[in-house]
Amino acid sequence: MAHVELGLDTFGDVTEGADGVPQSYARVIRNVVDEAVLADSVNIDFIGLGEHHRSDFAIAAPEVALAAIAGKTSRIHLGSAVTVLSSDDPVRVFQRFATLDAVSNGRAEVILGRGSFTESFPLFGYKLNQYEELFTEKLDLFAALLKQEPVTWSGKTRAGMTDQRVYPMVEKGTLKTWIGVGGSPESVVRAARYGLPLMLAIIGGDPTRFKPYVDLYHRALDQLGLPVLPIGVHSPGYIADTDAQAREELWPPYKRMRDRIGGERGWGPMAPAEFEQEASRGSLYVGSPETVARKIAATAKALGLSRFDLKYSAGALPHDKLMRGIELYGHKVIPMVRDLLA
């Protein structure tokens, strides 16, 4: 447990400048590159960039930003959080991440999922009534590509392949590929069936409620005769010097983001009591380094994790505060978590 990887995720949330005005998408993307460079310098294990196609997030092409980060870093692993495979082409996704793996000298990873938003479907000409079929077929093809052998495949959602190789090939081993899951037992079993690590997106409620999914994953691997594979968790949070400061700074932008997205999904506005519940006993890792470290360690122990990724950006939180949070995560939180898990 002392060797749990500790990473960061961001969607490139559109932040506000000192004048309170939202910054340009270009500035946000450049800031994300700077945040990742800082994360590398303070020995954080992984940086994940989420793919979105909506006005409140700047990152639509994670691989391009990750390639820029690769050129400015030396050790941190680089991946998506997540890549929406349903509305992309598996061959092109593999080629882009194999290229990222080459330019980063073997540091690329990809987390494949269906995403929690649907904007990419009409944008790229896919029908939402094929939501399940698209992901199922495209994951099947992607799993075949990971073997780096000639591929013969057929399906209904894209052209088939007959004894075709895909280039470039990954230089060493295979491309590390996770399946991102939001809470569906079928998705958990699917990850096991393909022999791929499981990344749980826990963005609300007590993290221990996902223990049955962890147990299901282990049972499925065992029944399939496969070895134990990594399990990770992605959850939101924010770190400041004190608990009070962290909650005070996070609450306004977090509520605005939560209410904006919740309004699209029929949820009511977030009340202070709900925020406090999530911060105290839920999936929001907010507080001082000591508080956040204890909570991460508790989740890692309860679920038997190999990776924990903190989604450190939240709505309009300014870039300078995000940078301070990254410093605290690398310098204080990670060493504390490793001590608690040792």
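Reader: Against which elements do the buried residues of helix 6 pack?

Author: This is a predicted model, in which local features need pLDDT of at least 70, side-chain atom pairs count only at pLDDT 80 or more, and totals for chains, interfaces and linings use all residues. Residues are numbered from 1 along each chain as its sequence is written, and side-chain values use heavy atoms, without hydrogens and water. Helices (H or I, at least four residues) and strands (E, at least two) are DSSP runs, numbered from the N terminus. The buried residues of helix 6 pack against helix 5 (131–145), strand 8 (176–181), strand 9 (198–201) and helix 7 (211–223); contact means heavy atoms within 4.5 Å.

Reader: Which residues of helix 6 are buried?

Author: An α-helix has 3.6 residues a turn, so residues three or four places apart point the same way. In helix 6 (residues 185–193), the buried residues are S187, V188, R190, A191 and A192; buried means under 20% relative accessible area with a 1.4 Å probe, protein chains only. Just after helix 6, G195 has a positive phi of about 65 degrees.

Reader: What radius of gyration does the chain have?

Author: The radius is taken over C-alpha atoms, and the globule rule is 2.2 Å times the number of residues to the power 0.38. For 342 residues, a compact globule would have a value near 20 Å, and the chain agrees with 19 Å. Its C-alpha trace spans about 60 × 45 × 45 Å along the principal axes.

Reader: How much of the chain is buried?

Author: Of its 342 residues, 53% count as buried. The chain has eleven helices and twelve strands.

Note on methods. Buried < 20%, exposed > 50% of the residue type's maximum accessible area, 1.4 Å probe, protein only.
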